[in-house]
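These notes are meant for someone opening the model for the first time. Please read the points with the structure in view.

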Amino acid sequence: YTQSDGRVYRVRSRSAVMAGWGMVAKHIVPELPAEQLGALDKYRYCSAVYINVLLKHWRPIADLGLHEMYLPGGYCTWMHIADPLHVGAYRPEYHPDKPTLLSMYKYIYKPGLDPDGQMILGRMEMESKPFEEYEREIRSELQHMFGSHGFNAAEDILAITVNRWGHGYNFFKGPKSAGEAEEKPYVHGREKFGRISFAGADAGGSPWTQLALQQGRR
């Protein structure tokens, strides 16, 4: 489909690479063998929440000598001060007394449940939670971490954005019994079918961009 003329075109080629979201590959290429379709159907994704907090300054964090932080058991277990973006000759101010972004990440798991149950309940929690509750969690966590070092959530937080990914990150924890290796559905899911090859991060069993590049080279 092209926006220039609003028409849909059919393209022919000698070969193709299916590098989109792994779980939809079975719908785009429904002619796949049953075993491969079954492998693609086992792909599972946990919900992820990406949060950006605009800070008036980050002096308390700098005074503690921190940049990347982990908080086991916290609402967001991983956060970091954003690296300054350099484009050409542009060099932004990067100083603890100047505004910056604090990026926070939350991955929604439901320990003890099977992957299907975790997927469903994770999306339900994420989508039913109003912004006010996200904001309350974020402000409370940052105040708890840095309040005693001079941070004031009411004054020092200028803005918050919450990006919700219902299918944010894949995870492949296949069933296994004693003495058996973990099932890896992506190994079968990425098998070449005729002239169609499969790439993308899912084909490497990881959500990371570097895996997507590696699978493209493969």
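1. Buried means under 20% relative accessible area, exposed over 50%, and partly exposed in between (1.4 Å probe, protein chains only). Isoleucine 120 counts as partly exposed because its relative accessibility is 46%. Its place is in helix α4 (residues 115-128); helices (H or I, at least four residues) and strands (E, at least two) are DSSP runs, numbered from the N terminus.

2. This is a predicted model, in which local features need pLDDT of at least 70 and side-chain atom pairs count only at pLDDT 80 or more, while totals for chains, interfaces and linings use all residues. Residues are numbered from 1 along each chain as its sequence is written, and side-chain values use heavy atoms, with hydrogens and water left out.

3. Strand β5 (residues 100-108) has seven of its nine residues buried, so the rest of the structure largely encloses it. Strand β2 (residues 44-55) pairs with β5 in the antiparallel sense over nine bridges; pairing requires that DSSP finds at least two bridges between two strands. Here serine 47 stands opposite isoleucine 108 in β5.

4. Strand β4 (residues 78-81) also pairs with β5 in the antiparallel sense, over four bridges. Histidine 80 stands opposite serine 103 of β5.

5. On the whole, the protein contains eight helices and seven strands. Of its 218 residues, 36% count as buried. The C-alpha atoms fill a box of roughly 60 × 50 × 30 Å, taken along the principal axes.
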